[in-house]
Amino acid sequence: MSDQTKTVLRRTLIAFVALYIVFLVGPTAGFDVPAIAKQIQAGPIQLIQFLIVGISNGAILAIIALGYTMVYGIIELINFAHGDLYMWGVFSSLTILSLTGTLTTNNPTHLIWGIAVALVFAVVFCASVNVVIERLAYRHLRHSGRLAPLISAIGMSFTLENLGLIWAQQSWLVPSFGTTGGASQKDYPDLLSRLFQGLGYNVNLLASTGIGLRFTIKDLLVIVIAAVLMIGLRLFIQNTTLGKAMRATAQSHDAARMMGIDIDRVISATFLIGGGLAGAAGLMDGLYNGTAWWFMGFRVGLFAFTAAVLGGIGNITGAMAGGFIIGLMASFSDGYLNARWTEAWIFAVLVLILTLKPTGLFGEQVGEKA
Amino acid sequence: MSKRLFVLVSLVIATSMVLAACGGGGAASAKTLKIVSSLPMTGSSLTQTQTIVNAEELRLAQANNQACGGKYALSYEAWDDASAAQGQWDPAVETSNGNKAAADPSIIAYLGTFNSGAAKLSIPILDQAGPLVMISPANTYPGLTKPGYGPGEPDVYYPAGIRNYARVVTADDVQGKVDANFMSSQLGVKSVYILDDQQLYGKGVADVFEATAKSLGMTVLGHDGIDTKAADYKALMTKISTSNNGNPPDAIFVGMVIDSNATQLLKDKVAIMGDNTKVKFMGPDGIQTQAMIDGAGASVAEGIYASVAGLPFDKLTPAGQKFLTDYQAKYGKLTEPYAIYGYETMNVLLAAIESVCASGGDPSNRKAVRDAVFATKNFNGALGTWSFDANGDTSLTDMSIYQAQSGAYVAVGTFH
C-alpha cells in the first residue's frame, strides 16, 4: 500500500469517527435532525435570514482575520494584540462620533460627515498604533525565535485591553459612557438606522416585499465595505510594487533583502494596512452590533484567528473565506442547534478540517525558511 | 553587590524595620478585628459592588471603626474576586480569597460573595476554618442553603457539619416565583421564551421561573443557555421571533447578570422584535442596575422589567430612610439596589460582635461570632425587622419589580 493511500484511508477513518461522534452526542448539543427539519419546513424564509446574519457577521470577522493572516504571512507571528486593536477601533470611532456631536444629532448631513470622519480617524489611528506596536514590541525580537515575540504579543494584548478599560471611563470624552465605571458594555448608538429614517427610508430594505425578511441598510453596508476592502487589498498585494515586496518578504527575508527590499519598511507597511483594516472593522462592528466593550476584542480576535487558520494561515483569500464560514456556522448554530454549543461546534469543525487538511482550506502561504 | 548598592539596601531595610516597630507599637492599645469582603470589582458588576463597599464602610464609620466600647478596633478590606481575564468573577481568584481569609487568624468575618457561583467555592473553605462566618449581601441561588435544588445541596457546602453561611437577601425560590406571577397576572403574558447565562445564579432563577410559569399555564416556548461573550445574538433572536407558531412570544425572560452581555442581548432583541411593549423583556436583580440602561441606551431599554428583593427606596422603614440619607450625604445619589444589603451585612455583623462581648465572649473567636450571627432574631435593621432562620436565610420575602422609564429604573410594585 502506498503512503498516499494510507493517508487517504486514515483521513477517511477520522472523518467517519468524527461523524459518528457528532450523531452520538449531537442531540445533546442541539443536533436533532428531525427537529431541525421541522423548523426549516415551518419557516423556510428563516433559513435565508440566518444566511444574511451569518454573512454580515462573517464580513466583519473576515476583515479582522486579514490582519492576523497578513502579519503571520510576513513574520510568522500570531499577533494576539490584533483583536484588541479592533476594540480600539470601536472606541476611537465612538470617541470621534461623540466629539463631532454626531451621536446626538438627527441631521442627515451631519451624520454622514460625522461617520466619514470617524471612519478616517479610526483607520489612521489603529494603523499608527499597530505600526508603533510593531516597532516597540516586535521588531527587536524578530531574531529571538518564535516564543519571545509571541509572549510580547500577549503582553500587548493585555496592555490594549486595560487601556481600553481606562478609555471606557472617560465620560468627559463620551458623555454616554456614564458614571458606571469602565467595565460595563457601552452603548454605540445605531446611527445608520437613524440616518436612513431621517432621510425617509425604511431601514429594512426588504420591508416592501412583505415576505418577512430583514435585510437592513446596515447589512448591505457591512457587506459592501468588506467586499471593497478585500478586493482592494487583493489587487494591492498582486499589482503594486509594495505588494510585490510584501510577497517577496513573506517568502524569504534574506532573499528579499538581497534584492534591495527594505524589509523593515515592508513589515511596517504590513502592520499599517492590518491596523487600518482593524480600525475600519471596529467602526463597522460598532454601527452594526451597537456595543463598545473593553473585552470585546478577545472573542472576536479568537474567532478571526480561527478563521485565518481555517482558510490557511498567510492566505488572504483563505482568511476571507474562513471569516464567512465561521460567521455562517455561528448563525446557523444559534438558529437551528443550540446557542450554548455554538463555540463548541465551530471549534469541532475547525479540528475536523485541520485533521483532514492541516494547511487549511486554501493552503498556507508562508515563507520557506521555516 | 557594589558598595553603594549595599549601603542603600541596608538603609532601606533599617528604615522599614523602624517603621514596622512604630506601627506595631501604635496598634497595641486595642486588638484589631479584621473584616473582609469579596466582591467582583473588575467588570460590569462594579457599578453595584462599589455601592456595596461604600455602604459597608459607611456602617463601619458610624461605629467609629471600633466595637465593644473601644475594646476592639475594626479594620475592613474590600477584596476583588474578579479578574480582567474573565471580565467578571473568577473561580481562581475567589478560591484564593477564601484560602487567604482562612489563613489569616485576625479575620473574623467574610462579607460576600456577589455571585452565587463564587459562594459555592468559598463556603466550604471557610466552613473548615473555624468556621469563619460568611454573610452575603447578594447571593440568591436557593441551593446554597436549601435542600431540593442540586444533588447533595446544601450539605455538600458544609463539610465541617456546621453552617457558616448566611445571607441578608431573599433567595430565588421567591424571586423566580414572583417574576412568573407578575408576568402572568400583571402583564397578561401567555407565552414566554427563557434565556440564561449558564451560571449557578442565572440558570437557577431561570429554572424556578420556568417551573412556576408552567404551573401558571404559560407556554414556555424554549429555554436556551447563551454564549455570554458572543458579538451578537441576531440569529438567536430571529429564531425566537418565530418560536410562537411563526410569531414572537409575548415575553422573554433572561436569567443573568449584567456581565453576561445582557445589554447586547437586549439590543438584538429590540432590533429583531421591536420595542419592549410588544414583546416584554424581564430579568432578575442581576440586570437591575443603571449600567444595563446606560449600556443598551435609554431608548432601547425603555420598558424592560427587573425584579429585586426588598422594598423600593420610598417604602423603606425609618432606619432604611436614614441609611439612604447618610449614604447620599457621603457618596452622592444612590440608584443601585444592593447598597442597602451591603450596609445590612455589616450592620448584622457588628450587632453580633457586640452581643458576643455583652455575653462575656471573645469576638476574635470565629466560632463565637458565627454563633452570634446565626442567633440573630427580630433584628431591627435598615431592611426592616427580620431574623435568620436555621439555614441562614432571611425571614424577609418582599420582592419589588422595577421598570426602565426614560433612562432609570422606577418601582412599579412590591410582591411576596
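Reader: Which residue does Val36(B) stand opposite in β4(B)?
Author: Val36(B) faces Tyr110(B) there. This is a predicted model, where local features need pLDDT of at least 70, side-chain atom pairs count only at pLDDT 80 or more, and totals for chains, interfaces and linings use all residues. Residues are numbered from 1 along each chain as its sequence is written, with chains lettered from A and ligands numbered from 1 in the order in which they are written.

Reader: How do β1 and β4 of chain B pair, and over how many bridges?
Author: In the parallel sense, over five bridges, with β1 covering residues 31-39 and β4 residues 107-112 of chain B. Strands here are DSSP E runs of at least two residues and helices are H or I runs of at least four, numbered from the N terminus. Two strands pair if DSSP finds at least two bridges between them.

Reader: What's the strand order in that open sheet of chain B?
Author: The order is β2-β3-β1-β4-β5-β6 (chain B), six strands with mixed pairing.

Reader: And which strands stand at the edges?
Author: β2 (66-67) and β6 (165-167) of chain B, each with a single partner strand, so one side of each has no neighbour in the sheet.

Reader: Ok, what about β14 and β15 in chain B, how do they run?
Author: Antiparallel: seven bridges join β14 (residues 399-405) to β15 (residues 408-415) of chain B. Ala404(B) stands opposite Tyr409(B) in β15(B). The two strands form a hairpin with two residues between them, and Ser406(B) in the turn has a positive phi of about 50 degrees.

Reader: How many helices and strands does chain B have?
Author: Chain B has 13 helices and 15 strands, while chain A has 14 helices and two strands.

Reader: How much of chain A is buried?
Author: Buried residues are 48% of its 370, against 54% of the 416 in chain B. Buried means 20 or more other C-beta atoms within 10 Å of the residue's own; exposed means 12 or fewer, partly exposed is in between, and C-beta atoms are placed from the backbone.

Reader: Which residues have the most contacts inside the largest nonpolar core?
Author: Ala62(A) and Ile63(A), in a core of 227 residues. Helix α3 (residues 44-75) of chain A gives the most to this core, with 17 residues. Such a core is a set of buried Ala, Val, Leu, Ile, Met, Phe, Trp, Tyr and Cys residues joined through C-beta atoms within 7 Å.

Reader: What does Ala62(A) touch?
Author: Leaving out residues up to four places away in sequence, its contacts include Ala226(A), Met230(A) and Phe324(A). Contact means that the C-beta atoms, placed from the backbone, lie within 7 Å.

Reader: How many residues of chain B are in contact with chain A?
Author: 32 residues of chain B, in contact with 31 of chain A. Among the elements giving two or more residues to that side of chain B are α2 (46-62) and β8 (219-225).

Reader: Where is confidence lowest in chain A?
Author: In helix α2 (residues 33-42) of chain A, at a mean of 79, whereas α4 (residues 81-99) of chain A is highest, at 95. Chain A averages a pLDDT of 88, pLDDT being the predictor's confidence in each residue, from 0 to 100.

Key. Contact = placed C-beta atoms within 7 Å.
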